[in-house]
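Dear colleague,

I am passing on the structure below, and after it you will find my notes on what turned up when I went through it.

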Amino acid sequence: MKFKPSLLALSVYALVSVSAPVFAHSMATPAEITAKQDSLTQLIEQALRYDASRKQFYAQSQAMRETGIASATLMDPKLKVGFGGLPVDSFQFDQDPMTNISLGLMQQFERGETLSLQQRKANQQADGMSLQVDARERDIANGITQLWLELGYQQQAEDILKENQRLMRELANFIQTNYSIGKNEAQDLLNAQLQVSKLDEKLQANAQMQRRITSQLSEWLGTEWLAQNGQLLTLNQLDWQHLNQRIERSDGTEHYALLVDHPMVKMTDAAISASETQVEIAEQAYAPQFGVEVMYAYRQANGMNGQPASDLVSAYLTMDLPLFTDNRQDKNHAAAQYQVGAAKSQKDLLLAQMNAKVNALLVDRENLEQRLERYRNTLIEQAKARTQAVERGYQNNTAQFSDVIAAASDELTLALEKQRLITDLNLVNSKLAALLGGFDYRVETPDIAQPTTRNAHQ
C-alpha cells in the first residue's frame, strides 16, 4: 500500500472522530428541554382549543342534561272536547236534556319517583359523556407528543448525518486530489464517493419523514398552521418529572390508585351509577300510576220540569294496578340488575387491561434506560476506540481504507441507535403519561354555540 501523507491522516481522523461533536450536540441542556417543552405544551393547548371532537362530546353531554330536564317533567295535560247524548232523529242540542257539550282536562302522573330518577340517570350519563372530553384531551396530548418526539429524532439524525456528510465530502475531495497525483487508489476514491451518496439518500429519506410528521400534526393544528410552520424545531427528549412523581405513588405492579383517575375508568363509574339508577327506576314500576280528569258539560235543553237543565261537572281519578308483574316489572327489574353487574365487570376488565399496559410500559422503560446506559458508557466509547485503532492501522499500512469506512459507518449507526433509544424511552413515557395523567396542560371548557329558544324564531 502506498504511503499516506499526514494531511490524509488528519482528514481520516476528523472523519472517524465525527461522533464527538455530534454527541455533545445531542445532549440537550435542561434549559433547552424546558424551552422546547413549553413550546410543545402551547401546541397541545392550541390543538385542544380547536378540537372538533371535544366540542362534539361536550355538546352531546349538554344535550343529555337538557334531555334529563325534559324527561323529569310531567306530561302536558290533555284537552278533551266533545258532545254526548245527541238524539239521532233530529240532531238537535236543545231537544233532549241528556244532550251536552263537554270540555275536559286530563293529567297523567308518573309512578313514584320515576321523574326525578330519570333526571338523575340523564345527568349521570351526561357526566360520562363529558368525561370523553377529558379522554380526548389525553389522546391528543399523547398523539402530538409522540409526533413531536419522532420529529425530534429525525432532526437529531439529520444533524448527525449532515456532520458526517460534510466530513466525508472533505475526505472524498482530499482523496480525489491525492488520486489525481497518484497518491491514492481508485477504490478508495470510489468508496468515499459511495459513502457520500449513501448519506445523501439517508438525508433525503430523513427530510421526507420530517415533512410527513409535520403534515400529520396538521390533523390537530390545521392546514393554516401547517402553511405557516414548515420547519418546526423539536427535541426527542422531554422532562417527565411530573410523571415520575406519579409513578412513585404506585405500589409495585398495582397501579389502580392512579388508574382510577383516568377518564375512561371514570366513565365506567358513571355507567355503573346510571345502571344502578335504572334499577331504582325499574322498582318504581311496582307502584300504581295515577291520573285525574275533570270535565264540564253544557246543556241547552230544558229539564223534565220545563226549567233549563243544569250544567254538569265530572271528576275522575284513574289508577292502574300492577298486579301481574311476572313478565314485565320483574323482568325489567332483573334486566336492570344484570346491567349493573355488566358495568362493574367492564370496569374490572378495563382496570386490569390498563394496569397490564402500565406494567408492560414500565418494563420497556427500565430496559430502554439500561440499554441507553450501555450505549453511553460502553458501546460509544468502544466504537470510538475501534475507529481510532483502524485509522492508525490504515496509516501503518495494516488496514484497508474500507476498514476505516466500515468503522466510521458503525460509529454513525451507533450514534443513530442511541438517539433512537432516547426517542423510544420518551415515547414510552408519553404513553405512561396518557395512562397515569403525567401531562401538564391547561385548557378551558369547549366553546360551543348556545341553542336558541323557540320564541326567538317567532
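Which residues does Asn191 touch, not counting residues up to four places away in sequence? With contact taken as heavy atoms within 4.5 Å, Asn191 touches Phe401, Ser402 and Ile405. Please bear in mind that this is a predicted model, in which local features need pLDDT of at least 70 and side-chain atom pairs count only at pLDDT 80 or more, while totals for chains, interfaces and linings use all residues. Residues are numbered from 1 along each chain as its sequence is written, and side-chain values use heavy atoms, with hydrogens and water left out.

Asn191 lies in helix 6 (residues 186-228), helices being DSSP runs of H or I of at least four residues, numbered from the N terminus. Asn191 is buried, with a relative accessible area of 19%, where buried means under 20% (1.4 Å probe, protein chains only).

Turning to the domains, an automatic or database assignment divides the protein chain into domain 1 (30-74 + 110-286 + 322-436) and domain 2 (78-109 + 289-321). Five residues from domain 1 and six residues from domain 2 take part in the contact. The area buried between domain 1 and domain 2 is about 540 Å², of which carbon and sulfur atoms give 54%; buried area here is the accessible area (1.4 Å probe) that two parts lose on being put together, summed over both. On the domain 1 side, Leu74, Glu110 and Arg111 lose the most area to domain 2, together 71% of what that side buries.

With best wishes

Methods:
Helices (H or I, at least four residues) and strands (E, at least two) are DSSP runs, numbered from the N terminus. Buried means under 20% relative accessible area, exposed over 50%, partly exposed in between (1.4 Å probe, protein chains only).
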